[in-house]
Amino acid sequence: MNAAGLTAVLNGVIARLKMPFYQSIVTNGSISQDEFDGTLGGLISVEATLKKTPGPKIEAMVERCDAELTTYLNKFNGEWTEHPLQGFHHAQMLAGYITTVMAKSGLHE
């Protein structure tokens with residue numbers, strides 16, 4: 001994965017979470033609307049930060065954590081259609097990991 005790949009990954013995760021069927025995990029009581037909105041908002045915020053960040057800084061960050069990012073993404077991709085709640089939790093882990101790595105790399109929202 002590279003800087004462009006990370007941005008594309010985030011775009012894909014965000015787009016999937018915005019799909020109407022993802023609201024089912026809120027309406028069935030699995031999570032609260034606030035938890036859903038917070039996760040989606042966090043991903044959108046991370047994406048906005050990355051768009052403002054010079055490519056070389058993102059490349060350095062991605063180079064250090066590519067394996068972990070890919071693991072979380074693969075877990076999300078493997079679950080999001082069949083098991084939306086599990087997919088959502090993998091999206092939360094991806095967002096948390098990216099946020100942590102960004103902070104350690106000196107990238108701030």
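The buried residues of H5 are covered by elements that include H1, H2, H3 and H4. Helices here are DSSP runs of H or I with at least four residues, numbered from the N terminus. Buried means under 20% relative accessible area, exposed means over 50%, and partly exposed lies in between (1.4 Å probe, protein chains only). This is a predicted model: local features need pLDDT of at least 70, side-chain atom pairs count only at pLDDT 80 or more, and totals for chains, interfaces and linings use all residues. Residues are numbered from 1 along each chain as its sequence is written, and side-chain values use heavy atoms, with hydrogens and water left out.

Among the buried residues of H5 are Pro-84, Phe-88, His-90, Tyr-97 and Met-102. Just after H5, Gly-106 has a positive phi of about 85 degrees.

In H3, the buried set includes Phe-36, Leu-43, Glu-47 and Leu-50. The buried residues of H3 pack against H1, helix H2 (24-27), helix H4 (55-79) and helix H5 (84-104). The table gives the span of each helix; the expected value is 1.5 Å times one less than the number of residues.

| Helix | Length | Span, first to last C-alpha | Expected span |
|---|---|---|---|
| H3 | 20 residues | 29 Å | 28 Å |
| H5 | 21 residues | 30 Å | 30 Å |

Thr-39 sits in helix H3 (residues 33-52). Thr-39 counts as buried because its relative accessibility is 10%. Contact means heavy atoms within 4.5 Å. Not counting residues up to four places away in sequence, Thr-39 touches Phe-88 and Gln-92.

**The nonpolar core**

A nonpolar core is a set of buried Ala, Val, Leu, Ile, Met, Phe, Trp, Tyr and Cys residues joined through side-chain atoms within 4.5 Å. The largest one has 33 residues, and Val-13, Leu-17, Phe-36 and Met-61 touch the most other members. H1, H2, H3, H4 and H5 each supply at least two residues of this core. H5 gives the most, with eight residues. In soluble globular proteins, nonpolar side chains tend to be buried together.

Met-61 has contacts with Leu-6, Leu-50, Val-101, Met-102, Ser-105 and Leu-107, leaving aside neighbours within four places in sequence.

Ala-3 belongs to helix H1 (residues 3-17). Its relative accessibility is 9%, so Ala-3 counts as buried. Ala-3 touches Gly-55, Ile-58 and Glu-59, not counting residues up to four places away in sequence. Ala-3 and Ala-60 are 57 residues apart in sequence, yet 8.9 Å apart in space, C-alpha to C-alpha.

**Aromatic pairs**

Rings of Phe, Tyr and Trp (its six-membered ring) pair if their centres lie within 6.5 Å; planes under 30 degrees apart count as stacked, over 60 as edge-to-face and the rest as tilted. By this rule there are four aromatic pairs. Phe-21 and Tyr-22 form a tilted pair, 5.1 Å centre to centre with 35 degrees between the planes. Phe-21 is partly exposed, at a relative accessible area of 33%. Tyr-22 is buried, at 0% relative accessibility.

Phe-36 and Phe-88 have ring centres 5.6 Å apart and planes at 15 degrees, so this pair is stacked. Phe-36 lies in helix H3 and Phe-88 in helix H5, so the pair ties together parts that are 52 residues apart in sequence. Both Phe-36 and Phe-88 are buried.

Phe-21, Tyr-22 and Trp-80 form one aromatic cluster.
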